[in-house]
Amino acid sequence: MFFERHGGGERAMLVHLEGQAPDVREDPDEFLELARSAGADVVTMVRVPRHQPTARFLIGSGKVDEIREQVHAEAVELVIFNHTLTPSQERNLEKVFECRVLDRTGLILDIFAQRARTHEGKLQVELAQLEHMSTRLVRGWTHLERQKGGIGLRGPGETQLETDRRLLRVRIRQIKQRLEKVRSQRELARRGRQRAEVPVVSLVGYTNAGKSTLFNSLTTAEVYAADQLFATLDPTLRRLEFADVGPVILADTVGFIRHLPHKLVEAFRATLEESSNADLLLHVIDAHEPERDLQIEQVYAVLREIGAESLPTLEVYNKIDLLPDFTPQIQRDDQGKPVRVWLSAREGKGLDLLQQAISELLGEDLFIGTLCLPQRLGRLRAQLFAQGAVQGESHDEEGAILLQVRLPRADLNRLLSRDGWEPQAFIAQHTLQ
């Protein structure tokens, strides 16, 4: 696509509106981090007191003139607004400023484009960019609102704008078909894990809360982790062993952010389904963040959007090394179930408590007791030992094997069903005759 827009650059001015309602208010500090994460060289941030946006410029015309003078004086190449701009507002502001203008959604899309590493991630970013671009095509082709003419150019009767819209629709459809194939492959892998009864634990949370650092600490993986927003875009899965649970799949996913554009959520649907189909969500929270309560609300808002709000969730308060005199701990509800773990992923403090909490939540349905097996069931005995479920062994007066076992009830049922025994009758008696 060829747009007659200013080329832009990295020397940027940030524009932030203040005095808006809490439900649409943005965080200026987070805005600054977003711009830096995108690689912008921030010259200054202009704070504009504005309760009601204007249709033409979003901000008042007097403030527009003031910013234009500052743009020229500071040789600014890019003006970024911490709010969503309409296509006409972008066009009007670029005419006045004589430089590239970007809104919050465009900035996040640019960061996503830089971070995507896998083929799937790049497809998802391109889909989000194209759908965002499709609403802004008219701004680039106002000088071509006519049909092509001349020898060899007659025929289709399309304006340049119509041609580009058609090409965009074709490309968007192709990407969606490819992502649907990826989604089907993920679904097959997910069904395989379900058949093997391997639980999935998914890390979710606000961007830069420390999910990837925690993932690396738990798995000894080398997922890219940095003190910047959206360091992780592509989902990463690792297999772990947990006490009383056995193998567990741990998934690291993309971080959430306040007012995450809906098109991004749609584009990353295949990735976010790792969270919506998990057996347990680890909601990683930056314990040192002053606005952590607002970030928590935003994470739950996105979880509701992807249909994961009702899944079992364990809150993980990370970065306690930045809090004075705070030690790792597990907080429990009235029934004694873990609901909150405080730790430091960077320093490795409290990871054992997190593993204990995960084991308790995933291993709730445990069979703990003594099995009395006749000698002819030596194969079942060997299978129980192979799973690490036997905690003690002895024999009764008649020579039967007494095993003190601890394992998930589903695993015990599967072992018994494989040999043709009735699991429920056996579990009730705790004895095989």
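The model is predicted. The largest nonpolar core has 33 residues, and a second, separate core has 26. Tyr-317, Phe-326 and Trp-342 make up one aromatic cluster.

- Strands of a sheet pair through backbone hydrogen bonds, and the pairing can be parallel or antiparallel.
- Strand S9 (residues 313–318) and strand S11 (residues 338–342) run parallel and are joined by three bridges.
- Tyr-317 stands opposite Trp-342 in S11.

**Helices against the sheet**

- Helix H4 (residues 104–115) has 12 residues. From its first C-alpha to its last it reaches 17 Å, close to the 16 Å expected at 1.5 Å a residue.
- Nine of the 12 residues of H4 are buried, so the helix is largely enclosed by the rest of the structure. Among them are Arg-104, Leu-107, Phe-112 and Arg-115.
- In the largest nonpolar core, the residues with the most contacts inside it are Leu-34, Ile-80, Leu-107, Phe-256, Leu-281, Leu-303 and Ala-308.
- Strand S1 (11–18), helix H1 (28–37), strand S3 (78–81), H4, S5 and H10 each supply at least two residues of this core.
- H4 gives the most to this core, with four residues.
- Leu-107 touches Phe-31, Leu-34, Ala-35, Ala-38, Ile-80 and Leu-102, leaving aside residues up to four places away in sequence.
- The second, separate core includes Val-284, Ile-330, Ala-345 and Leu-354.

**Helix H1**

- The buried residues of H1 are Pro-28, Glu-30, Phe-31, Leu-34, Ala-35 and Ser-37.
- S1, strand S2 (41–49), S3 and H4 are included in what covers these buried residues of H1.
- After H1 comes Gly-39, which has a positive phi near 95 degrees.

**The aromatic cluster**

- There are two aromatic pairs.
- Tyr-317 and Trp-342 form a stacked pair, with 4.3 Å from centre to centre and 20 degrees between the planes.
- Tyr-317 lies in strand S9 and Trp-342 in strand S11, so this pair ties together parts that are 25 residues apart in sequence.
- Tyr-317 and Trp-342 are both buried.
- The rings of Phe-326 and Trp-342 have their centres 4.7 Å apart and their planes at 40 degrees, so that pair is tilted.
- Phe-326 has a relative accessibility of 30% and counts as partly exposed, whereas Trp-342 is buried with a relative accessible area of 8%.

**Glu-315**

- Glu-315 is placed in strand S9.
- Glu-315 has a relative accessibility of 12%, so it counts as buried, because buried means under 20%.
- Glu-315 touches His-283, Ile-285, Tyr-300, Val-339, Arg-340 and Val-341, again leaving aside residues up to four places away in sequence.
- The C-alpha atoms of Glu-315 and Gln-331 are 9.7 Å apart, while the two residues are 16 apart in sequence.

**Positive phi in residues other than glycine**

- Asn-208 has a positive phi of about 70 degrees although it is not a glycine.
- Asn-208 lies in the loop between S5 and H7 and is partly exposed, with a relative accessible area of 23%.
- Asp-325, also not a glycine, has a positive phi near 55 degrees.
- Asp-325 lies in the loop between S9 and S10 and counts as exposed at 81% relative accessibility.

Definitions and conventions:
Residues are numbered from 1 along each chain as its sequence is written. This is a predicted model: local features need pLDDT of at least 70, side-chain atom pairs count only at pLDDT 80 or more; totals for chains, interfaces and linings use all residues. Side-chain values use heavy atoms; hydrogens and water are left out. Two strands pair if DSSP finds at least two bridges between them. The expected span of a helix is 1.5 Å times one less than its number of residues. Buried means under 20% relative accessible area, exposed over 50%, partly exposed in between (1.4 Å probe, protein chains only). A nonpolar core is a set of buried Ala, Val, Leu, Ile, Met, Phe, Trp, Tyr and Cys residues joined through side-chain atoms within 4.5 Å. Contact means heavy atoms within 4.5 Å. Rings of Phe, Tyr and Trp (its six-membered ring) pair if their centres lie within 6.5 Å; planes under 30 degrees apart count as stacked, over 60 as edge-to-face and the rest as tilted.
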